[in-house]
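Okay everyone, let's get started.

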Amino acid sequence: MSANANRCVVIIRSVKDLGAAVRQRRKALNLDQASLAAQVGVTRQWIGGLERGKAGAELALVLRTLKALNMPLSLGDPLIGPTTSSPSVDIDAIVAKARGNG
């Protein structure tokens, strides 16, 4: 099994989406808001606001929270690149077959 087999790609379109992802990860790690807040260096209320999707959260603190939860952040077009485990394609075999050589 590959190292990425247990990874989940979440597309974040709003601060509420980010908050829900943070809450889900925190709970999966069996952390309460106070414990996570202590790791990040913020208040429990700040974590609660982030999880509720409160606008205006400082980016540096959001990134520190994601790091504490071991949630890597990736930017780019989610439709490009290996986001699912699809079978590889042998383009040479396809071309050979089309030419009648395979």
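**Helix 2 and what surrounds it**

So, let's begin with helix 2: its buried residues are Gln-33, Leu-36, Ala-37 and Val-40. If you look down the axis of helix 2, those buried residues fall within an arc of 100 degrees, so they line one face of the helix. Why would that spacing work? Well, an α-helix has 3.6 residues a turn, so residues three or four places apart point the same way. Keep in mind, by the way, that this is a predicted model.

What covers that buried set? The cover includes helix 1, helix 3 and helix 4. And just after helix 2 you'll find Gly-41, with a positive phi of about 90 degrees.

On to helix 3. Here the buried residues are Trp-46, Ile-47, Gly-48, Gly-49, Leu-50 and Glu-51. Among the things covering them are helix 1, helix 2 and helix 4. Just past the end of helix 3 there's Gly-53, and Gly-53 has a positive phi too, about 85 degrees.

The largest nonpolar core has 14 residues, and Leu-18, Val-22, Val-42, Trp-46, Ile-47, Leu-50 and Val-62 are the ones with the most contacts inside it. Helix 1 (15-28), helix 2 (33-40), helix 3 (44-52) and helix 4 (59-68) each put in at least two residues.

Leaving aside residues up to four places away in sequence, Val-22 touches Leu-50, Glu-51, Thr-65, Leu-66, Leu-69 and Met-71.

That's my tour, thanks!

Note on methods:
Residues numbered from 1 in each chain as written. Predicted model: local features only at pLDDT ≥ 70, side-chain atom pairs only at ≥ 80, totals over all residues. Heavy atoms only, no water. Core = buried A, V, L, I, M, F, W, Y, C linked by side-chain atoms within 4.5 Å. Buried < 20%, exposed > 50% of the residue type's maximum accessible area, 1.4 Å probe, protein only. Helix = DSSP H or I, 4+ residues; strand = E, 2+ residues; numbered from the N terminus. Contact = heavy atoms within 4.5 Å. Arc of directions from axis to C-beta.
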